[in-house]
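Please walk me through this structure in plain paragraphs. I have not seen it before.

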Amino acid sequence: MKKLIDFDKEGFKKEVITNVKTLYRRPIEEATPQQVFQAVSYAVKDDIIDRWIATHKEYEKKNVKTVYYLSMEFLMGRALGNNLINLTYYDAVKEALDELGFDLNLIEDQEPDAALGNGGLGRLAACFLDSLATLGYPAYGCGIRYRYGMFKQAIKDGYQIELPDDWLKDGNPFEIKRPEYAVEVKFGGYVRVENRDGRNYFIQDGYQTVRAVPYDVPVVGYGNNVVNTLRIWDAEADQEFCLDSFDKGEYEKAVEQQNLAKTIVEVLYPNDNHYAGKELRLRQQYFFISASVQRAILKFKEKNSDIHNLPDKVTFQMNDTHPTVAVAELMRILMDEEGLEWDDAWDITTRTCAYTNHTIMAEALEKWPIELFSRLLPRIYQIVEEINRRFVLKIQSMYPGNQDKVKNMAILYDGQVKMAHLAIAGSYSVNGVAALHTKILEERELKDFYEMRPEQFNNKTNGITQRRFLLHGNPLLASWITDKIGDEWIVKLSNLKKLKVYATDEKYQQEFMNIKYQNKIRLANYIKEHNGVDVDPRSIFDVQVKRLHEYKRQLLNILHVMYQYNELKTNPSYDMYPTTYIFGAKASAGYKRAKLIIKLINSVADVINNDASIKGKIKVVFIENYRVSNAELIFAAADVSEQISTASREASGTGNMKFMLNGAVTLGTMDGANVEIVEEVGEENAVIFGLRAEEVMKYEREGGYNPKDIYNNDAAVRTVLTQLINGMYSSDDPDRFRDLYDSLINEDVYFILKDFASYVEAHRKIDTLYRDEKNWAKMVMLNTACSGKFSSDRTIEEYAKEIWNLKKVKVTLD
Ligand code: Z15
């Protein structure tokens with residue numbers, strides 16, 4: 001890797017030694033790995049700080065437009081390795097630590113993942129921050145500093161157990177607390193009107209207040225001196241209020257205040273693609289949005305005198321509907337605090353806010369009961385009422401007499417606040433996250449909104465950062481690529497297409513496959529250490545890692561494994577290439593059926609892995625506690641990438657891109673970004689199966705299909721389904737999996753049985769393809785070579801040009 005930033009090795013070593021001493025009163029020889037991690041991180045932070053200061057000085061000097069990426073989730077993973085990569089001296093620090101007698105990899109393993117997110121949506125936000133900094137775009141990530149992040153998953157007797165993620169227990173060396181930027185956030189009470197100089201002012205009274213205190217985390221750009229900020233908010237009890245209460249002897253009230261603050265940021269809700277309607281969740285939303293928007297306006301006013309220019313300097317990008325109260329909060333500030341009239345404020349707001357939609361899953365749509373919403377946020381609710389009143393008038397004037405339009409588009413309806421409708425009404429841009437997803441939004445889910453204002457809609461196909469998921473996660477492949485085509489791919493991933501010419505050359509095929517093999521050994525060692533299971537690195541590594549959700553169809557995958565096992569046991573001529581089926585998935589704590597699927601996977605693993613008669617042809621491994629840090633190992637080692645969602649349901653997917661980048665073949669449905677992956681790599685270099693989105697949606701319009709037809713006509717399916725209820729995988733409780741059986745036979749809303757035969761066929765095809773070593777090598781190399789489009793750098797360039805209108809900034813150190 002080219003060193004773009006100077007590194008003083010001896011100075012660095014000295015600093016690490018000093019840090020261990022001042023932090024822990026110990027000579028380095030006696031330091032624990034955790035202590036060395038802290039000491040190294042503080043040394044790295046020193047280098048980051050100067051660039052952080054220089055970056056913000058430059059932003060202020062130029063008074064640049066800034067994007068505020070508002071998100072409930074930032075799934076950052078570990079910081080140390082990534083910061084070293086982006087400072088361009090990872091290898092040099094590895095050497096320095098070697099000389100001190102430490103292994104950088106082991107030191108990195110001391111760091112807990114910053115798991116402030118659930119899955120795709122949160123990780124996308126993290127990739128975007130990396131790309132924004134690398135491209136030199138002025139940006140803040142705004143979120144919540146959850147005391148406990150995504151739970152740690154343990155597997156006991158095959159069942160998922162959730163353990164608290166106490167990620168801050170040893171301290172977070174990279175964050176900086178900024179009490180000087182604290183703001184107040186108000187909840188509850190009532191609104192009274194006060195007339196001053198002939199104008200009505202709306203004043204919230206009798207409220208509870210929470211102090212929002214920001215912690216800043218540096219986001220280092222690759223080799224360019226840019227350091228942006230992830231600002232995550234902590235909640236503290238309001239000091240003045242407390243003192244006041246103590247004075248009056250209102251001890252209980254003060255304690256209440258303390259508890260209110262504590263609970264708001266206590267824990268990340270572990271739901272992915274699911275709305276639970278919890279009051280505390282709405283508190284979290286308003287808490288971080290009010291704090292972020294207030295702070296953004298204060299910052300704007302430091303450099304700008306006319307609030308009307310806000311849209312020229314600020315965009316609030318709302319990551320899904322979770323931050324949508326930003327629309328009303330901005331209106332509140334503009335009217336109640338800046339003294340603007342409605343029309344003026346609305347014009348500014350709707351040129352400042354933009355909204356990204358990430359799902360069409362009905363159960364993910366946020367619809368707050370008006371009773372709850374108005375009680376918790378009385379002033380915000382008033383504003384939403386007025387937004388709705390005017391919006392409905394607009395609908396009626398466009399479509400006179402058409403009550404359906406009002407019913408489908410109103411923000412307030414059936415006693416609920418529909419957050420997606422508020423987001424669309426309050427935004428100048430609405431984007432989907434892959435071409436197919438955007439098309440479905442325009443033609444189906446948001447059709448009425450699209451027809452009303454088509455120019456508001458646009459697509460931004462997701463992407464991933466190659467710095468973390470190739471340069472850091474797959475160092476062998478990264479340096480092989482750099483050997484062949486130079487290192488510019490690190491900031492310009494489309495360069496990978498230069499690798500195409502190597503894909504048909506036997507020598508390079510062998511090199512590439514050897515790297516894959518080394519990565520498979522690395523993963524096999526991890527699995528041995530963490531699961532106690534032996535897997536053969538010469539077998540096909542067939543991998544499905546992602547959140548557990550019925551629409552993602554892990555159930556289809558494991559049913560196919562059961563089917564294949566039956567074939568092996570009953571059909572003496574059945575020939576299959578040895579395959580290791582690898583799963584990794586967290587189920588939301590309250591999602592019963594998802595947890596049962598985890599139990600099924602582990603039960604199937606138990607039976608199959610312990611059956612010597614099949615000579616290890618099938619192994620099933622469930623990797624515990626799937627998260628960003630072990631994902632990096634998993635992607636690098638995969639041969640087959642399972643992307644098997646029911647077509648139309650996965651908005652984009654981003655794991656699919658990480659597999660492709662690392663040279664795996666997609667086995668998938670035509671869903672989300674899979675469609676674009678196939679478009680880039682060519683159909684012959686992926687294996688596609690199953691119903692198309694159009695077909696799925698047609699069945700749904702016609703009331704579904706009848707899974708019993710398949711049950712009756714397909715003996716293999718019948719056998720597998722029967723094994724769910726005959727105790728084959730649950731001898732101690734034959735009814736354990738009956739719920740899964742019933743759901744498949746009676747409804748099968750995710751078309752698992754419908755797609756089963758096609759999925760079997762697809763696996764046969766993988767088996768055949770894999771045996772042709774040269775062609776397989778060519779396929780995987782072409783996957784890497786054609787993955788350039790899926791860099792989040794490309795995605796962010798599109799956002800910056802087409803939605804945000806941002807200008808790049810250059811930062812130099814003096
Ligand atoms: C989430 O992870 C995604 C969508 C959501 O609405 C929520 Cl609440 C969580 C995912 C999509 O399921 C996935 O397809 C997409 O790639 C990802 O967001 C990023 O856009």
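In helix α24, the buried residues are V628, A631, E632, I634, F635, A636 and A637. A residue is called buried if 20 or more other C-beta atoms lie within 10 Å of its own, exposed if 12 or fewer, and partly exposed in between, with C-beta atoms placed from the backbone. The helix covers residues 628–637, and because seven of these ten residues are buried, α24 is largely enclosed by the rest of the structure. Helices (H or I, at least four residues) and strands (E, at least two) are DSSP runs, numbered from the N terminus.

The model is predicted: local features need pLDDT of at least 70, side-chain atom pairs count only at pLDDT 80 or more, and totals for chains, interfaces and linings use all residues. Residues are numbered from 1 along each chain as its sequence is written.

The protein chain is assigned domain 1 (9–62 + 79–112), domain 2 (63–78 + 113–460) and domain 3 (471–484 + 492–793). These bounds come from an automatic or database domain assignment. Between the C-alpha centres of domain 2 and domain 3 there are 35 Å. Contact between these two domains involves 41 residues of domain 2 and 33 residues of domain 3, where contact means that the C-beta atoms of two residues, placed from the backbone, lie within 7 Å. On the domain 2 side, β2 (74–77), α6 (120–135), β5 (152–156), β6 (159–163) and α17 (435–445) each give two or more residues. Of these, α6 gives the most, with nine residues. That side has 18 nonpolar, 16 polar and seven charged residues. Here Ala, Val, Leu, Ile, Met, Phe, Trp, Tyr, Cys and Pro count as nonpolar, Asp, Glu, Lys and Arg as charged, and the others, Gly among them, as polar.

Domain 2 and domain 3 each also supply at least three residues to the shell around the ligand. There are 19 residues around the ligand, and G120, L121, H358, T359 and S652 come nearest. A residue is near a molecule or strand if its C-beta atom, placed from the backbone, lies within 6 Å of it. By class, the shell has five nonpolar, eleven polar and three charged residues.

Strand β11 (residues 208–220) runs antiparallel to strand β7 (residues 176–177), and two bridges join them. Two strands pair if DSSP finds at least two bridges between them. I176 stands opposite D216 of β11. Strand β8 (residues 183–187) pairs with β11 over five bridges, again antiparallel, and V183 has A212 as its bridge partner. With strand β12 (residues 227–237), β11 forms eleven antiparallel bridges. In that pairing D216 stands opposite R231. Six residues lie between the strands of the β11 and β12 hairpin, where G223 takes a positive phi near 60°.
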